[in-house]
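User: I would like to learn how to read helix packing, sheets and salt bridges in a model. Please take me through one.

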Amino acid sequence: LHGNTQSLQEYMNSCILAARRGTVMVSPFISPKEKEVMSVLLSEKHPFILLSDNGFRDYYKPSEALFDAVADGRVLILSPWIHDPDKRHISREECVALNGMAEEISSLSSHM
């Protein structure tokens with residue numbers, strides 16, 4: 001998400017309003033502002049798909065808020081990659097790839 005603060009806030013608000021109308025968000029929720037959107041989606045109990053930048057280790061358990069949302073069937077966590085225990089940061093290429101996957105998932109689901 002690029003642009004000035006007001007347009008970014010308007011975009012975030014539009015995402016939340018769309019979720020309130022029943023749209024299922026699909027995102028890696030990487031940037032701090034995207035994490036804010038995810039926080040609102042969790043608190044308002046909207047469904048969404050989270051694309052994780054690092055696969056799942058054995059016996060993976062998401063944070064408490066995400067765990068409860070997954071257990072309730074509101075959140076699906078996907079990752080295209082296997083877990084890397086040494087991974088500390090996401091690369092720009094990985095961000096672009098995850099955003100592309102989110103766009104593809106969204107476009108596929110809109111045709112169903």
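Analyst: This is a predicted model. A search of the whole structure finds four salt bridges.

User: Which side chains meet in a salt bridge at 2.5 Å, N to O?

Analyst: A salt bridge is called when a side-chain nitrogen of Lys or Arg lies within 4 Å of a carboxyl oxygen of Asp or Glu. Here, Arg20 and Glu44 meet that way, at 2.5 Å from N to O. The two belong to distant parts of the chain, 24 residues apart: Arg20 is in helix H1, and Glu44 is in the loop between H2 and E2.

User: At what angle do H1 and H2 pack?

Analyst: Helix H1 covers residues 5–20 and helix H2 residues 32–43; they pack at about 25 degrees, with axes 10 Å apart. Angles under 35 degrees count as roughly parallel, so H1 is roughly parallel to H2. The crossing of the two is right-handed.

User: Which residues of H1 and H2 make the contact?

Analyst: H1 contributes Leu8, Gln9, Met12, Cys15, Ile16 and Ala19, while H2 contributes Lys33, Glu36, Val37, Val40 and Leu41. By class, this contact has eight nonpolar residues, one polar and two charged.

User: Now the sheet. In what order do the strands come?

Analyst: Strands of a sheet pair through backbone hydrogen bonds, in either a parallel or an antiparallel way. In this model three strands form an open sheet, ordered E1-E2-E3, with parallel pairing. E1 (25–27) and E3 (75–78) are at the edges with a single partner strand each, so one side of each has no neighbour in the sheet. From one strand to the next the twist averages 10 degrees.

User: How many bridges join E2 to E3?

Analyst: Four bridges join E2, residues 48–51, to E3, and these strands run parallel. Phe48, for instance, has Val75 in E3 as its bridge partner.

User: Which helix packs on the sheet, touching E2 and E3?

Analyst: Helix H3, residues 64–71, does so, and its direction makes about 110 degrees with that of E3.

Definitions and conventions: Residues are numbered from 1 along each chain as its sequence is written. This is a predicted model: local features need pLDDT of at least 70, side-chain atom pairs count only at pLDDT 80 or more; totals for chains, interfaces and linings use all residues. Side-chain values use heavy atoms; hydrogens and water are left out. Axes are lines fitted to C-alpha atoms, for helices over the stretch in contact, and angles run from 0 to 180 degrees between N-to-C directions. Angles under 35 degrees count as roughly parallel, over 145 as roughly antiparallel, 65 to 115 as roughly perpendicular and the rest as oblique. A crossing is left-handed if the near helix is turned anticlockwise from the far one by less than a right angle, and right-handed if clockwise. Contact means heavy atoms within 4.5 Å. Ala, Val, Leu, Ile, Met, Phe, Trp, Tyr, Cys and Pro count as nonpolar, Asp, Glu, Lys and Arg as charged, and the others, Gly among them, as polar. Two strands pair if DSSP finds at least two bridges between them.
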